[in-house]
Amino acid sequence: MNLRSFPVVAVAATMTLVSLFLPSPAVFGPSVAIAAGRPAFDSDRLESAIKADLDDTESLNASRISVEVENGLVTLAGNVSSLMDKRRAGQIAKRTRSIQGVLNQLYVDRSDRSDDEIRDDVLMRLRVNDSLDRPEIVVNVQNGSVAMTGKVDSLAEKRLAETAAAGVRGVTEVKNQLTVALTSPRSDGELREEVQALIVNSVYFDDVQVRVEVEDALVNLSGTVGSVTQKSHLIETAEIWGVKGVLADQVSVDPDQLDPTRRAGRYASATDESIRQTLDRAFANDPVVFPFADSISSTVQSGVVTLDGTVGRLRVKNEAERLAMDVVGVARVINELEVRYGGKPPSDAEIIRLSQQALSRSPNLDRRDFRIHCQAAHVSLYGLVESEFEKQLAEWIVDGVPGVVHVNNALAVQDDWKPKADDQIREDLERKLQLALFDTSNQIDVEVSDGVVILTGEVDTWRQWQAAMDLAIEAGARHPHNLLNVRMHPPHGGSRIYVPR
């Protein structure tokens, strides 16, 4: 789906984890090659790895997808059931080590839904689930292809609208023709300072080398990152309000040019005050949180962030917590934000109706039978889903329904573990760790017994700790145990046993 919300939540583990050191006035660190001895991966091996990863991806029919790799460029062809599946397949390819780009030519099957039905659902999704109730957005649908025209306040909001439309059942493509209305111009110097600060304090970029330049509100990024996924995330980070465009043609992908030994300096230099300042920036520039940024107060003590205040949506509360967790140096987040719907709150019965409708719009969940209870705006979800992905997707959709203040996700995953040989689990996981979690600082040993994976060794940060576990689940592990030592930044909450997100 990193919406910078569920897509980020659901696929965070697929993000390649690299790091970013403190900035000089213009450049974030010199280029240092520390892994010159790593083997190069030929096209055949990369094709095989991507195909295997697609096959491991929950709710995705990989047998209908062909993969071709030539000179680092991946071409995906074939058919998928939904636009979200097309995007998920692209994300899997983008995270792979040595890949320089992805050409996603997957064709989305046309559904039996009418264009009018699709259009109504897209408008409702924008309005109800994603807080984009803007009469300036005009939606037209032809043969499942959605065209959006009109104005939004930022590039990030434009991206959010596109992702929302892509999550509607029956949509085959989204032509995003929205324009950004710069109603409150910011100086080039201010934009550069904001973008640079967001990048340098993000756990996603704690070892990249990126130059940020801004001219006439156009951001130009250059430097080196570790993966195509990280490059995409870098562009999203730069799409703050006041920016009219982001260029990243001069950002190259080369994981061997990263220096994880510098990460220690990044975490050592993080202070409570630097964390608080970064939170203020992140809240003010996020398309979901910024309308409530002035209502959120954050205090930081020894890396523990406490969020207080009032917001209008549960999704805003959850997004604020995610943003805080993604800041370098944050050890824990205590989210005490109160959800108070502006205006007359919907009744419990209305919340149930809106939640059922929202779930039915999803191409991944429309065939599921959900039982929804609601008392005092607290929603409980019951029923069976086929995967952990579907369970988390359902929760993310419902937390965007107006009036909801809490979601109790009691959905059960049907057949939550499919038997797989221990040797095959080990082989698949070691491949994923090498090609998707390829940071040279990692020292991970894999043991598998009766489907149970035990990870030992060391990684640098809690995000690597979590990603290693998510990859273990993807490889087919049952009840994995994470005994990895974290050198610099322990996992949030400190748990050593994996809990699926």
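Student: Which residues are buried in helix 11?

Tutor: Two conventions come first. This is a predicted model, in which local features need pLDDT of at least 70 and side-chain atom pairs count only at pLDDT 80 or more, while totals for chains, interfaces and linings use all residues. Residues are numbered from 1 along each chain as its sequence is written, and side-chain values use heavy atoms, with hydrogens and water left out. Buried means under 20% relative accessible area, exposed over 50%, and partly exposed in between (1.4 Å probe, protein chains only). Helices (H or I, at least four residues) and strands (E, at least two) are DSSP runs, numbered from the N terminus. In helix 11, the buried residues are Ile 351, Leu 354, Ser 355, Ala 358, Leu 359 and Arg 361.

Student: Where do the buried residues fall when one looks down the axis of helix 11?

Tutor: An α-helix has 3.6 residues a turn, so residues three or four places apart point the same way. Here the buried residues of helix 11 fall within an arc of 150°, so they line one face of the helix. The arc is taken from the directions that run from the helix axis to the C-beta atoms.

Student: Which residue forms a salt bridge with Arg 361?

Tutor: A salt bridge is a side-chain nitrogen of Lys or Arg within 4 Å of a carboxyl oxygen of Asp or Glu. The partner of Arg 361 is Asp 121, with the closest N and O atoms 3.6 Å apart. Asp 121 lies in helix 4 (residues 115-129) and Arg 361 in helix 11, so the pair ties together parts 240 residues apart in sequence. Asp 121 is buried at 14% relative accessibility, and Arg 361 is buried at 4%.

Student: How many salt bridges does a search of the whole structure find?

Tutor: The search finds 38 salt bridges. One of them joins Asp 53 to Arg 95, with 3.1 Å between the closest N and O atoms. Asp 53 is in helix 2 (residues 43-56), whereas Arg 95 is in the loop between helix 3 (83-94) and strand 3 (101-104). Asp 53 has a relative accessible area of 3% and is buried; Arg 95, at 0%, is buried.
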